[in-house]
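Subject: A structure for you, with notes on its salt bridges

Hello,

Here is the structure I promised to pass on. Please have a look at it first, and then read my notes below.

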Amino acid sequence: MEKSYKKLIDGNRKFAMEKKQDDPDYFKRLSLGQEPQYLWIGCSDSRVPANEVTRTAGGEIFVHRNIANMVVHTDVNLMSVLDYAVSILKVKHIIVCGHYGCGGIKAAMKPESFGYVDSWLRNIKEVYIKHAEGLNKIEDFEERTNRLCELNVIEQVRNLAKTKIIQEAWKIRKLQIHGWVYGLENGLIKELDTVIDQIKDLEDVFHYKNI
Ligand code: CO
């Protein structure tokens with residue numbers, strides 16, 4: 001078997017053995033069901049694994065990842081994950097976690113085609129245009145990228161609040177949406193000042209007043 005592939009199976013055997021040694025009931029308990037309190041919407045980037053960077057274990061975080069941690073209302077995958085996490089699992093917190101130096105953000109800032117991903121990146125270009133005035137003042141490309149990483153997270157937090165799923169949940173219970181950006185260079189998460197936990201945080205036109 002190819003070495004790089006076999007590494008995964010070997011790793012899995014060690015994982016299963018060590019977990020069982022530390023906590024003999026671990027697998028038995030998890031096999032009965034999940035009650036995660038958090039939904040994580042993060043970038044697909046291999047360097048930002050949700051559980052590892054938050055020191056959490058299996059069963060604690062429900063995870064959705066895509067290029068540049070986007071919340072797109074026509075994305076059947078994201079919307080299904082969101083509905084299940086909010087309506088069935090009843091998570092208490094949703095975290096949109098971007099990261100500095102995001103390749104998706106960098107690509108979206110360039111006037112170039114990257115193939116199939118273009119239609120996905122277009123959503124980020126819209127965020128750029130919305131904040132173009134401030135962004136264009138930042139001369140350094142890396143710095144401008146990192147600011148767009150932050151602004152994009154804030155925009156995706158708002159996009160979550162614009163869904164009927166979230167607004168329905170707010171009618172009956174508490175639910176907080178947080179925006180974070182992870183630093184690849186130091187492993188630290190920056191909490192953005194963008195927590196949304198009620199419909200009032202959003203412009204009137206986005207309210208579904210008949211639900
Ligand atoms: Co990324």
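**Salt bridges and their surroundings**

Helices here are DSSP runs of H or I with at least four residues, numbered from the N terminus.

Before going on, a word on the source: this is a predicted model, in which local features need pLDDT of at least 70 and side-chain atom pairs count only at pLDDT 80 or more, while totals for chains, interfaces and linings use all residues. Residues are numbered from 1 along each chain as its sequence is written, and side-chain values use heavy atoms, with hydrogens and water left out.

The side chains of Arg122 and Glu126 form a salt bridge, at 3.1 Å from N to O. The term salt bridge stands for a side-chain nitrogen of Lys or Arg within 4 Å of a carboxyl oxygen of Asp or Glu. Arg122 is partly exposed, at 46% relative accessibility, and Glu126 is partly exposed too, at 42%. For these labels, buried is under 20% relative accessible area, exposed is over 50%, and partly exposed is in between (1.4 Å probe, protein chains only).

How many salt bridges does a search of the whole structure find? The search gives 12.

Another of them joins Glu155 and Lys130, whose closest N and O atoms are 2.7 Å apart. Because Glu155 lies in helix H8 (residues 141-161) and Lys130 in helix H6, this pair ties together parts that are 25 residues apart in sequence. Is Glu155 buried or exposed? With 7% relative accessibility, Glu155 counts as buried.

Helix H8 also holds Arg147 and Glu150, which are 3 residues apart, about one turn of the helix. Their side chains meet in a salt bridge of 2.7 Å, N to O. Arg147 is partly exposed at 34% relative accessible area, whereas Glu150 is buried at 10%. Salt bridges with shared partners also link Lys130, Glu155, Arg158 and Glu203 into one network.

Finally, a look at another helix. Ile88 is part of helix H4 (residues 76-88) and is exposed, with a relative accessible area of 55%. Between the C-alpha atoms of Ile88 and Val76, which are 12 residues apart along the chain, the separation is 17 Å.

Methods:
Helix = DSSP H or I, 4+ residues; strand = E, 2+ residues; numbered from the N terminus.
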